[in-house]
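Here is a short note to read alongside the model. Take the points in order, with the structure open beside you.

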Amino acid sequence: MDKFKIKGKKPLEGRVKVSGAKNAAVAAIPAGLLADDEVIIENLPMINDVFVYGDILKYMGAEVLFNNGVMKIKPNIHTIHHLPYELVKKIRASYYLLGVLLAKYGDAEIALPGGCNIGTRPIDQHIKGFQALGAKIEIDQGMIRVRAKELIGAPIYLDVVSVGATINIMLAASKAKGLTVIENAAKEPHIVDMANFINAMGGNVKGAGTDVIKIRGVEKLHGCTHTVIPDQVEAGTFMIATAATGGDVIIENVIPKHLDPITAKLIEAGVIVEENGDLIRVISEPPLNAVNIKTLPYPGFPTDLQQPITALLTTAKGTSIITETIWESRFKHVDELKRMGADINVEGRTAIIQGVEELSGAPVKATDLRAGAALITAGLIAQGETEISCIHYIDRGYEQIDKKLKGLGANIERISEADQKQKEGKTRGEIANWTKQEYVCLEAEAPGTPYS
Ligand code: EPU
């Protein structure tokens with residue numbers, strides 16, 4: 001598998017453009033099937049999760065064209081409603097197909113998503129929502145079947161604030177009879193993005209961005225063009241990496257409001273953050289100050305940036321305390337950071353970080369997407385060379401992060417293992433065999449869906 005090799009200690013400088021939001025994209029692509037005619041989704045990030053979702057839609061019978069961030073989806077009446085584990089395990093957000101197929105065809109059977117490297121990932125709140133709308137649920141041999149002759153709008157109170165359940169219920173309710181009211185709904189930017197998309201297809205969703213969302217079902221949804229919002233987490237990752245390296249970077253194509261919780265913490269740490277339209281400039285002169293962070297649903301500090309900011313805090317002055325309230329196992333990056341010289345103690349859901357003078361480069365392994373982003377940040381500030389393996393996790397969610405960082409002056413190289421083996425004089429057959437084995441080994445290490 002490919003690796004990143006980073007030589008640290010170079011402040012990031014220049015301008016970088018943020019791509020479309022991964023978590024909005026993986027909801028918008030299946031939602032495109034709700035329309036009766038062609039839907040065009042723009043500003044999609046060119047990342048593996050998006051490629052995989054496009055392939056799933058094709059398997060289901062839709063016509064899908066994807067080029068340069070623009071996906072054209074033509075739904076087909078002969079859509080396949082049964083999606084086996086082999087197909088959906090590749091992307092966790094395949095659970096959105098439950099809401100979509102239920103709304104459009106009244107029937108969906110999909111392999112249940114498993115746990116993953118950041119914690120258990122139940123979907124009980126999705127199920128509760130579908131049941132409230134009148135659907136029957138059967139779970140058998142790892143598959144979940146959701147069926148309804150007719151969906152009828154209903155009040156639904158979510159027991160936990162869940163992004164996935166909020167979106168899935170919005171999707172299912174978009175064509176239900178009457179009014180659905182979701183209380184204690186998630187407020188993340190991609191919830192608002194989904195409401196805008198459904199409305200552009202002719203739906204009727206109100207209140208997205210607050211904790212009460214009202215969806216009045218409509219009979220038909222039509223084609224439209226929808227532009228996905230910029231990626232809040234990618235933008236935050238560049239803000240953190242710039243701050244950590246003592247850089248000066250202008251980040252383009254952002255919605256600064258979405259980044260308020262990150263901006264606030266960076267300012268508290270001693271970083272200068274300036275906003276101007278859809279640009280954010282980050283200027284930093286380390287050492288930074290220690291800060292305490294508690295991850296929370298939006299507009300709180302996002303769990304998806306907890307790992308990258310942990311890397312930044314490893315060299316901040318003093319003691320930082322991080323409390324992870326969303327995912328119970330989202331501290332797998334800590335052991336890798338410790339191998340680079342970080343002083344971190346994890347107790348339950350809390351990480352106590354004692355700032356050290358300097359990190360030193362080491363071979364490390366990404367265990368999930370944002371752990372990968374944390375290790376890149378650590379590699380950028382460390383003395384010497386860091387080699388990050390398992391970067392397929394990073395490629396799932398960041399578009400060409402190595403190229404973007406190189407554009408900011410980082411010393412980062414993608415090392416293709418196939419090229420390496422070829423240099424070592426291996427034959428094509430040996431390389432193919434070796435690559436296959438490497439995949440098997442990784443799957444065995446990280447069972448279930450290691451995805452976001
Ligand atoms: N939860 C339940 N029951 C449910 C659903 C969720 O108990 O039915 C719990 C979860 O166990 C968790 C909390 O509620 O403790 C929040 O989970 P949520 O449903 O909001 O997460 P998600 O929709 O599965 C999305 C993102 C994640 C991000 C979380 C939280 C996508 C595809 N994924 O996951 O993104 O961490 O929201 O903001 O939108 C990432 O991008 O790296 C990533 C992991």
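1. Start with one pairing. The model is predicted. In it, S18 and strand S19 (residues 319–323) run parallel, and two bridges join them. Look for isoleucine 293: its opposite number in S19 is isoleucine 322.

2. Now widen the view. S18 and S19 belong to an open sheet of four strands. Read across, the order is S18-S19-S21-S20, and the pairing is mixed. As background, strands of a sheet pair through backbone hydrogen bonds, and they can do this in parallel or antiparallel fashion.

3. Which strands stand at the edges? They are S18 (293–294) and S20 (343–347). Each has a single partner strand, so one side of each lacks a neighbour in the sheet.

4. H10 covers residues 306–313 and lies across S18, S19, S20 and strand S21 (350–354). Its direction is at about 170 degrees to S19.

5. Step back to the whole chain. The secondary structure comprises 16 helices and 24 strands. The C-alpha atoms fill a box of roughly 65 × 55 × 40 Å along the principal axes.

6. Check the overall size. A compact globule of 452 residues would have a radius of gyration near 22 Å. The chain has 22 Å, so the two agree.

7. Of the 452 residues, 55% are buried, meaning under 20% relative accessible area. Among contacts with a separation of 6 or more, 73% link residues 24 or more positions apart.

8. Finish with the surface. The accessible surface is about 18100 Å². Carbon and sulfur atoms account for 49% of that surface.

Key. Residues are numbered from 1 along each chain as its sequence is written. This is a predicted model: local features need pLDDT of at least 70, side-chain atom pairs count only at pLDDT 80 or more; totals for chains, interfaces and linings use all residues. Side-chain values use heavy atoms; hydrogens and water are left out. Two strands pair if DSSP finds at least two bridges between them. Contact means heavy atoms within 4.5 Å. Axes are lines fitted to C-alpha atoms, for helices over the stretch in contact, and angles run from 0 to 180 degrees between N-to-C directions. The radius of gyration is taken over C-alpha atoms; the globule rule is 2.2 Å times the number of residues to the power 0.38. Buried means under 20% relative accessible area, exposed over 50%, partly exposed in between (1.4 Å probe, protein chains only). Accessible areas come from the Shrake-Rupley method with a 1.4 Å probe; for residues, only the protein chains shown count as cover.
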